[in-house]
Amino acid sequence: MNENKTKLTEEEKKLFGDLMPEELDEIISSGLNRRHFMKLMGLASAGLLASHLIGAEQLFARSAEIGDIADLAPAAIENGINVSFKVNNTAKKVLIDSRATLLDTLRERLDLTGSKKGCDHGQCGACTVIVDGKRVLSCLTLAATCEGKSVITIEGLAKDNELNPMQAAFLKHDGFQCGFCTPGQICSAVALMKEAKEGQASFVTADVRQNQQSVILSDEEIAERMSGNICRCGAYPNIVAAIKEAQTGKNVEQTWLFAG
Amino acid sequence: MRPFKFTNTSNASSAINLLIKNPNAKFLAGGTNLLDLMKEDVERPDELIDLGRLDLTAVRPLVTGNNVVGISIGGLGKNTDAANHPLIRKDYPLLTKAILAGASAQIRNMATNGGNLLQRTRCSYFYDIAMPCNKRLPGTGCSAMQGINRMHAIFGWSDSCIAVYPSDMAVALSALNASVKVMQPSGTARIIAIHDFHRLPGNHPEKDNNLDHGELITAIEIPKNKFAANSAYIKVRDRNSYAFALVSVAAGLELAGGKIISASIAMGGVAHKPWRATHAENILRGKMATVENFQMAADAEMEDARPLAHNKFKIGMGKKTIVYALEQAFKGTGYKA
Amino acid sequence: MSTMEKNYKPEQPAVGQSISRLEGYEKVTGAARYAGEFNVSDLLYGYVINSTITKGKIISINTEKAEAIPGVVKVFHHKNRPSLAWFSMQYADMDAPPGSPFQPLADHKIKYNGQPIALLVAESFELARYAATLVEITYEQEDFKTDLIANITEARAPKGGLATFLKPPPPKPVGNFEKAYENSPFQASGKFVHGTEHHNPIELFTTTTVYKGKGKVTIYDKTQGTVNCQLYVANVFGLHFKDVRVISPYVGGAFGSGLRPQYQLFFSVLAALELKRNVRVTLDRHQMFTFGHRPPTVQFTRFGASADGKVNALNHEAIAETSRFEDYTEVVVNWSHMLYPAKNTLFKYNLVPLDVFSPLDMRAPGGSTGLHAIESTMDDLAYQMKIDPLEFRLINYAEQDESVGRPYSSKELRQCYLQGAEQFGWNKRNPEPRSMRRGNKLVGYGMATGIWEAMQLPARASATITTEGKLHVNSAVTDIGTGTLTVMSQIAADEMGLHMDDVTFTYGDSKMAFAPIQGGSFTVSSVGSAIKAACNALKKKILKKAKSIGNSPFKRVKIDEVIFADRKMISIDNPAVFISYSDIIAANGHKVIKSVNFAMPKVFKLKKYSRAAHSAAFVEVEVDEELGIINVTRAVTAVAAGKIINPKTARSQILGGMIWSISKALREESITDHRFGKYMNMNIAEYHIPVHADIHDLQVIFVEEKDDIVNELGTKGVGEIGLAAMPPAIANAIFHATGKRVNQFPIHFDTLM
């Protein structure tokens, strides 16, 4: 990944100069993670991101510090296993320690840090990813068991810079605050849409003996089925509203008043 | 996690052969409990034999001659698939409800039916390797006995262990008179009734169940029942979802009009194994399905309870949950309060 | 699509508009990088080893087995650590209570269970966690005390210190409480017991330290104060301030836990400096229970009322846990007299030092504790007097703050009561307990009052007109999920007459303009005011520059004779006279124009007023008496918090507070086994945070409240007020449903059965 070290173009310099004039020198001297940068620029030029949205501090942070991720394979791998699998529809082959979880492999080895580690013990849902179409916890999945499987993470949901309708609905309904549980919530919600289509039941389903297809989920059903994803900030009502809107495609108005 | 060798295999007998070769090896199925415990340094296998490729996932009717006598659920099938299988939803809705009461959608997508039976206790002293615990390290003592024991057993505990078994699924399997089908190292099958599968702690709390090293759960077999339309799984817990049971009750009523032909009742969260409420069942047999009779049965069942310092509430809660589950079962599976 | 709200109208002021979070795109696509996600090359991983005893000494640490494992780099402990700052003062951060801050690896002494005593550094996280299990430690144990209730007689007054500036001690007694109470025809009293709570943000505390050579470090840290951590690291490790840079681009929740530097920061920097490598240290979920927490408390109330329904005697006493090394305090007992104008009062606040880590501010510290006791006692009085609890509050409505004899800078609490009650349908309440049912469930209505002080701290901000004629604002402040980025951008856009698209706000970096720690609901008031000040200074520079242009029409124009709108500076007298920001920049030789300024609370003016946000909460609970299951089925919180900059993000703050209320009243508690001095549910499977299924219909009302005094923006903050009123409203609703008053939080339903 030598492209990381590619010098900034004049245009890029200008952008940084605008966003953070006082940091420009440092960015130039430390090199830039061009991949991230180009991605964000692409979004900006496509009108997906207003220029002010590019958190300059974060662009800076990425560009100045990120080195060659490909070199991250740790020096000490015990019981090494070669795993080939698809991540976000791209084939990956990694040599891993047998102990490596899918979550750590995504985050530390493939630099896909969107999947979060909130507990590492299957208690929070922040690490939820979609494996072969089903939502699972990547913290309790050994990467070694993923041979030949297809993993979709939060980074793989938007297609050609177009947000997945679930992502867009989360944005619209303020379905997050700190954003840390968000990738897990969204992956979980995306998989939930499929489960509902298949007519899967939940603990609050009125009569599980009745098999149904394409269930339109009530608030209660959404809440029960999303209960494996904990949000400490308390964005639950907004998340439920977002999922409802994504499922029905209809505008969901939230009941609230503003007298000020 | 301690280092371990990761071994793949695609058939049951080779998996078993690999396991017997190494007394410190373990099978890896869904991993939702095992990996958790390995990260806690409670479980320390030096080899994991991945069962992910074994073809033991099917749900199919159990047939004797030309008769369907029950259903067989693959030991390595996922909990979600078992809960949602059309045959199970229709004829064994109690199992569907119990599975869906457990954990979260993500975990049910990972966890296997056989693995569910092998869940270890959530006792916090068992989980904390700095604490004495007879289950984890035999002979060190039971920290929970005089400790925080709100979640612990009221039935069948011993001086060496008061832990409870956390599965919801197994509680329904108990009420459904299921059997566990295992493959032995010799290749022959062994059928273990669910009531004989899990153990009470006695002097050997380190053994959760009667499965031997080298035995693999290939299927769970459930005989036909006559209470599909009159069954209920009620779970009382500290939050509305994604929490372990304080008390749970699986109940099925075989009815003739308002009269109970037979009742099947099992409790979770109260003992080291699914607790079959035989006292209550005996009382209800042949009686009318009335709240008074439900209460009488529940009172009788809880008479033998031996609560600990922090879980006396489980007696009252247990009674009420039994009554509530029986009421719900009587009203019918489709009934919603 | 644009992340900008569709209904954002650039021609209107941005302040007051519902605008989606500007960082939302990054958060929903997984692009947002948190402190533990900067995958720098050549990275080492540290795993902290914690004490398994509660008090005593380390006799030996044997690291041989661990260090023999390939890939293990080093184990740091008290015997081999480098020399560190000696004076305890150097470990004091901006939020340190009076006492001696905990110094990791200081010596062999163990002061609490879970104390970090060593760091194992290895080439991978999994390896570090494993090898840490091979480090053998022997201890000599000593007797300890961790039980507040058992040691309650050891309560003593807290030590004074700087912390009392933001946390004043209880007000002095007024009148003669004992006599007035004795003579009150109506009396209510209660003992309220609250358990320990841990913040448990979903992001684990983590630090990635990038070693830059020669005593220089760049640190990605999970914190609520970049400058606070910079100060701490520089002091402890004897580094130059300019060589320590702390960056927190995204913070995955904090709720107070990041107000003080946590120990992973110390260990990460220590290892990076010693090994001259990049080091990441991430705590695990158990370790998230080994530092600050909301302290357990015991409170006693005795309120007396006269026959006309007036409260005339207020007594509120609280006893809280603290550590042996610091006197952490909260404002628990000061609130009742701010709300109810009684003539006789008696307040006490004492501490019991125990062998635990120092408590730490956790969302609505003190307020959420004290208001439960106050508002449940008020509820009790109302029932005794057979007055509607809402009516009772209105009878005792304080027109001014009687605890200090000053008017409020603004107070629309009455409107909160009325609008909240209307929206909720309070008039449908049958006053009799146990009188309302739905199916087989008991239904109860409860209400309560909330208050939180509106504070402002000094802060700086920098504002720059860029070469493109746009605005760039910065501050070292963090955005812990509160919406800081969005709200600050709104304030700056209006200040300079720009569209939101023309403004960038950068933050979360200690190199930027100074900001205090982010907490106490004072961020918008403090940093927002600084942005306003920086923009004002920038305006003067623009005018000055405009004057310097040849034939400038602004030659004789004063600053109050121009406005800044539509990307221009415009003469008020003659709107045809204007200059655009791009032209100004052109005139400046295409160089940026920058200004840095400072905002301070106007202390002398503010001293004449009490400043507080208020709220009223209305709650419906359903109680399944058979199973004892309690559900908050419906709740309304009406808030008067001054100017609401962004109703969308502000509403989310209040919703979050309401969910925290449900959690506080019904769910979360860290349970200690006092034989071991250890929390026994150090995980989030058994430390119960509400899940989706616990949350039902929640509604938020913002009551209009204009305040020209509190600060230039008229804001009071919305971070805590959502958690002030609702916990007691839940308790009161449970009483109404069941006729049982449970004064212990969390209310476990087994206590109801």
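User: In this predicted model, a salt bridge is a side-chain nitrogen of Lys or Arg within 4 Å of a carboxyl oxygen of Asp or Glu. Which residue of chain B meets the side chain of C:Lys678 in a salt bridge?

Analyst: The cut-off for a salt bridge is 4 Å. For the side chain of C:Lys678, the N to O distance to its partner is 2.6 Å. That partner is B:Asp128.

User: Which helix of chain C gives the most to the side of chain C that touches chain B?

Analyst: Four elements of chain C each supply at least two residues to this side: helix 3 (125–132), strand 27 (629–640), strand 28 (672–673) and helix 17 (749–752). The top contribution is 3 residues, and it comes from helix 3.

User: How many charged residues does the side of chain C that touches chain B have?

Analyst: On chain C, 36 residues are in contact with 35 residues of chain B. By class, the chain C side has 14 nonpolar and 10 polar residues, and its charged residues number 12.

User: What area is buried between chain C and chain B?

Analyst: The size of an interface is often given as the accessible area lost when the parts come together. Between chain C and chain B, carbon and sulfur atoms give 59% of that area. The buried area is about 3,000 Å².

User: Now look inside chain C. What distance separates the centres of domain 1 and domain 2 of chain C?

Analyst: Domain 1 of chain C covers 387–455 + 604–753, and domain 2 covers 457–600. Their contact takes 15 residues from domain 1 and 16 residues from domain 2. Taken over C-alpha atoms, the centres are separated by 38 Å.

User: Which three residues supply more than any other three of the area that domain 1 of chain C buries against domain 2 of chain C?

Analyst: The area buried between the two domains of chain C is about 1,300 Å², with 54% from carbon and sulfur atoms. Three residues supply 42% of the area that domain 1 buries against domain 2. They are C:Met455, C:Ile645 and C:Leu713.

User: How many residue pairs are in polar contact between domain 1 and domain 2 of chain C?

Analyst: The side of domain 1 that touches domain 2 of chain C has 5 nonpolar, 7 polar and 3 charged residues. Salt bridges across this interface number 0. Residue pairs in polar contact, both at pLDDT 80 or more, number 8.

Methods. Residues are numbered from 1 along each chain as its sequence is written. Chains are lettered from A and ligands numbered from 1 in the order in which they are written. This is a predicted model: local features need pLDDT of at least 70, side-chain atom pairs count only at pLDDT 80 or more; totals for chains, interfaces and linings use all residues. Side-chain values use heavy atoms; hydrogens and water are left out. Contact means heavy atoms within 4.5 Å. Buried area is the accessible area (1.4 Å probe) that two parts lose on being put together, summed over both. Ala, Val, Leu, Ile, Met, Phe, Trp, Tyr, Cys and Pro count as nonpolar, Asp, Glu, Lys and Arg as charged, and the others, Gly among them, as polar. Domain bounds come from an automatic or database domain assignment. A polar contact is a pair of N or O atoms within 3.5 Å; within protein, one must be able to donate a hydrogen and the other to accept it, and residues adjacent in sequence count only if both atoms are side-chain atoms.
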